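This report covers selected computed features of two protein chains. The sequence and structure come first.

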Amino acid sequence: MAVKSLAKRKNPLSEPSNQIKLLENKKSELKSFQSSLEEIGLKTLHAVGVEIFQVNVGKMCNQVCKHCHVDAGPDRKEIMTRDTMQLCLKAIEQSNAKTVDLTGGAPEMNPDFRWFVEEIKKLDKHIVVRCNLTIILHNRNYYDLPEFFKKHQIEVVSSLPFYDASRTDAQRGNGVFDKSIKALQMLNGIGYGIEGSGLILNLVYNPSGAFLPAPQEQLERDFKKALKEKFSIEFNSLFNITNLPVSRFLEYLIATQNYETYMQKLIDAFNPAAAVGVMCRNTISVGWDGYLYDCDFNQMLDMKIQNGKVMHLNNFNSEFLDQREIQVGRHCFGCTAGSGSSCGGSVT
Amino acid sequence: MANTYFDPADLRKFGKIGEFQKEYADKFFEYYNSVFKEGALTAREKSLIALAVSHVAQCPYCIDAYTTDLIEKGVSNEEMMEAVHVASAMSAGTKLVTSVQMMNKAKEISM
Ligand code: SF4
Ligand code: SF4
């Protein structure tokens, strides 16, 4: 288990340009994403508005998951400042976004996280927080997070790669499963995930290895049954997210010699319907330093949105963003495989 | 000419067996795909049976394919191993049960 980020280990893959070189290797026999789009009559992918405004408030995290596309961890110090958050608030007001999706790292570790949530609430937006669960038990500064979430009617989305410890801990670190179960019980305890409470608790399933997720409905059924029977845990929906070959998951694929086979699997599973529904078409993603991207994956590959010059919150232009052309690459095959994959699960 | 049997890359070519006999291949794949759909047995149960059969048939392609499929379906390593033990126990049992024939014969011709 890598206990440090790629950045800390000075691994060449911590440089986005090296990841792109590998992914877009011209000599590779793997098909390009562009050619798959062309085969279904799409020259380019364009946004159709911005409904979801996703903010990555920093790379700091209490975990160091093996598959993390953010390369997050306790050793990452890049976090969004309150000034940049102010710029986000202005941009959110200008955009037509209905939902603000807060992610990280562990977004709650940003010292201005609670302030930011309260300010977004004043704009009357629905807020999603991607909570890794263990942060709630990390230390006493976080024990009251469930109450804070409830107070602001936040939708909580949390990763749980499997309903037993073996596969969860293999991906997320030793002891993560037990802590996650405790955190889920705390959230259930105040009504999260309980039918009729109006407090939404969704779980994210992402495969702990070089394989694709099974159909979302089947996994949701299995997760609901197992978590209820074993731990009396309830939740609303399960979102399937396919692992994209970015940062630490890319490192894992290469180190285990699964890269080619995994990429081919994604390519073979290319689904035109999923391509049309990819999440970047109604989302924008803001980095900790205020730069804008089509999605969190493009963010980690440093593929900044360009409008003549690179786009930052400082020159936020809602009209342009609503119909911008999306920058794609082979990593996008992760979003179009099978039933498709997005931050909200399958797309078909 | 390939210099090894059972190249993992060949699994992807399975769908192309129709190149030499299309009619039967199409019929086979249609039948195969119907069988594996959710029915009185769940798709998960069917895949576990398929894994067990793959071991009895000792088909490396099928073992790869169904192990991946089962992991994707969220089946645990313990469940997969138990399925293989069922296959092994059955294989052993079907051999051992014929020992009755040996015993019968031995008794028949012995004093
Ligand atoms: S996957 Fe999430 S919880 Fe795990 S290290 Fe990355 S940001 Fe942290
Ligand atoms: S990785 Fe997915 S969400 Fe991001 S640009 Fe590609 S298709 Fe869109």
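## Elements and conventions

Helices (H or I, at least four residues) and strands (E, at least two) are DSSP runs, numbered from the N terminus. This is a predicted model, in which local features need pLDDT of at least 70 and side-chain atom pairs count only at pLDDT 80 or more, while totals for chains, interfaces and linings use all residues. Residues are numbered from 1 along each chain as its sequence is written, chains are lettered from A and ligands numbered from 1 in the order in which they are written, and side-chain values use heavy atoms, leaving out hydrogens and water.

## Strand 5 of chain A

Strand 5 of chain A (residues 201-205) contains Val204(A). Val204(A) counts as buried because its relative accessibility is 5%; buried means under 20% relative accessible area, exposed over 50%, and partly exposed in between (1.4 Å probe, protein chains only). Asn240(A) is 36 residues from Val204(A) along the chain, and their C-alpha atoms are 6.0 Å apart.

## Lys4(A)

Lys4(A) sits in the segment before helix 1 (16-23) of chain A. With 40% relative accessibility, Lys4(A) counts as partly exposed.

## Chain B

Chain B has five helices and zero strands. Its radius of gyration (taken over C-alpha atoms) is 19 Å, well over the 13 Å from the globule rule for 111 residues, so chain B is more spread out than a compact globule. That rule is 2.2 Å times the number of residues to the power 0.38.

The C-alpha trace of chain B spans about 60 × 35 × 30 Å along its principal axes. Of its 111 residues, 23% count as buried.
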